[in-house]
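Subject: Structure for you to look at

Hello,

I am passing on the structure we spoke about. Please look through it first, then read the notes below.

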Amino acid sequence: MSAETPAAAGQFTRRRLQFRAWRGERPFWAGLFVALGGLPIAYFPYANLQIGHLTLAMATTAGSGSLIIGVLLVVLGISLWFQKHVRVFAGVAAILLALVSIPVSNLGGFLIGFLLALIGGAMAVSWVPGEPPQAEPPLEGKGTDDAPEGLVPGTALPGIPGPGTAATDTTVPTPRGGPDDGNPSQAFMAPGAHDLSGTSPANGANGRHSAG
């Protein structure tokens, strides 16, 4: 294998991608069908068919009309490639010329050119240019990096160790037994916590004046 083979393959791939991009920006297949439809319409009235020793001339009295219709269809097909803004006019004109070719040019080139021009004209009328994809806007109320709203990324939450920080023991100590052990609602209440008078049964003094 020569050293130029990979370079040639890369050049072919690049050319193929360029042609694909060029083809996607215009009604390529519509123009191709319209141009191909004009060839049999213009050819058959001037062609001679050989059957053994017999020469059959398919020329008609409207041979010049067939040539004009065929040339116009080819021109419309090429115009669809390079002037895509005239696609509606070119498509309607191709459909009308295909219909006129039925009585003028041997049933529209034995229906071959008629069908090709008719399909190509319909494709040209229905073709619309594509729109480039648009970036979706960010959702409202969603912070960066999936962080809660109003929270700066990297801030440690209460009770949750931050990155690189050792986890601490957050176990709640079990209170010692007391006179209210049988009541679960008071299991975590310190002695004298329910005393609203400010006097603790532990020292018998008012908590507001114990400091003095």
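**What was found**

Gly130 is exposed, because its relative accessibility is 70%; exposed means over 50% relative accessible area, buried under 20%, and partly exposed in between (1.4 Å probe, protein chains only). This residue sits in the segment after H6. Gly130 and Glu25 are 105 residues apart in sequence, and their C-alpha atoms are 7.7 Å apart in space.

Some notes on how to read the rest. This is a predicted model, in which local features need pLDDT of at least 70 and side-chain atom pairs count only at pLDDT 80 or more, while totals for chains, interfaces and linings use all residues. Residues are numbered from 1 along each chain as its sequence is written, and side-chain values use heavy atoms, with hydrogens and water left out.

**Overall layout**

The protein has 6 helices and 2 strands. Both kinds of element are DSSP runs numbered from the N terminus (helices are H or I with at least four residues, strands are E with at least two). In order from the N terminus, the elements run α-α-β-β-α-α-α-α. Of the 212 residues in the protein, 22% are buried. Taking contacts (heavy atoms within 4.5 Å) with a separation of 6 or more, 63% are between residues 24 or more positions apart.

**The salt bridge**

The structure holds 1 salt bridge, the term being used for a side-chain nitrogen of Lys or Arg within 4 Å of a carboxyl oxygen of Asp or Glu. Side chains of opposite charge can pair when their charged atoms come close. Here the partners are Glu25 and Arg26, at 3.7 Å from N to O. Glu25 is partly exposed, because its relative accessibility is 45%. Arg26 has a relative accessible area of 13%, so this residue counts as buried.

**Aromatic rings**

A search of the whole structure finds 8 aromatic pairs. One of them joins Trp22 and Phe82, with 6.0 Å centre to centre and 55 degrees between the planes, and this pair is tilted. Rings of Phe, Tyr and Trp (its six-membered ring) pair if their centres lie within 6.5 Å; planes under 30 degrees apart are stacked, over 60 edge-to-face, and the rest tilted. Trp22 is partly exposed at 26% relative accessibility, whereas Phe82 is exposed at 53%. Ring pairs also link Phe19, Trp22, Phe28, Trp29, Trp81 and Phe82 into a cluster.

**Gly77 in H3**

Helix H3 also contains Gly77. The relative accessibility of Gly77 is 0%, so this residue counts as buried. Gly77 and Ala30 are 47 residues apart along the chain, with 7.3 Å between their C-alpha atoms. Apart from neighbours within four places in sequence, Gly77 is in contact with Gly31, Val34 and Ala35.

**Helix H4**

H4 has 18 residues and reaches 25 Å from its first C-alpha to its last, close to the 26 Å expected at 1.5 Å a residue; the expected span is 1.5 Å times one less than the number of residues. Its buried residues are Arg87, Ala90, Gly91, Ala93, Ala94, Leu97, Ala98 and Ser101. Seen down the axis of H4, they fall within an arc of 165 degrees, so they line one face of the helix; the arc is that of the directions from the helix axis to the C-beta atoms. This buried side packs against H2, H3, H5 and H6. Phe89, Leu96 and Pro103 are exposed residues on the face of H4 turned away from the buried side.

Arg87 belongs to H4 (residues 87-104), and its side chain reaches the backbone oxygen of Trp127 at 3.0 Å. Beyond its neighbours within four places in sequence, the contacts of Arg87 include Pro27, Leu80, Ala124 and Pro129.

**Helix H6**

H6 (residues 112-126) has 15 residues and reaches 22 Å from its first C-alpha to its last, close to the 21 Å expected. Gly113, Phe114, Ala117, Gly120, Gly121 and Ala124 are its buried residues. Down the axis of H6 these residues fall within an arc of 145 degrees, so they line one face of the helix. Their cover includes helix H2 (28-43), H3, H4 and helix H5 (106-110).

Regards

Notes
A polar contact is a pair of N or O atoms within 3.5 Å; within protein, one must be able to donate a hydrogen and the other to accept it, and residues adjacent in sequence count only if both atoms are side-chain atoms.
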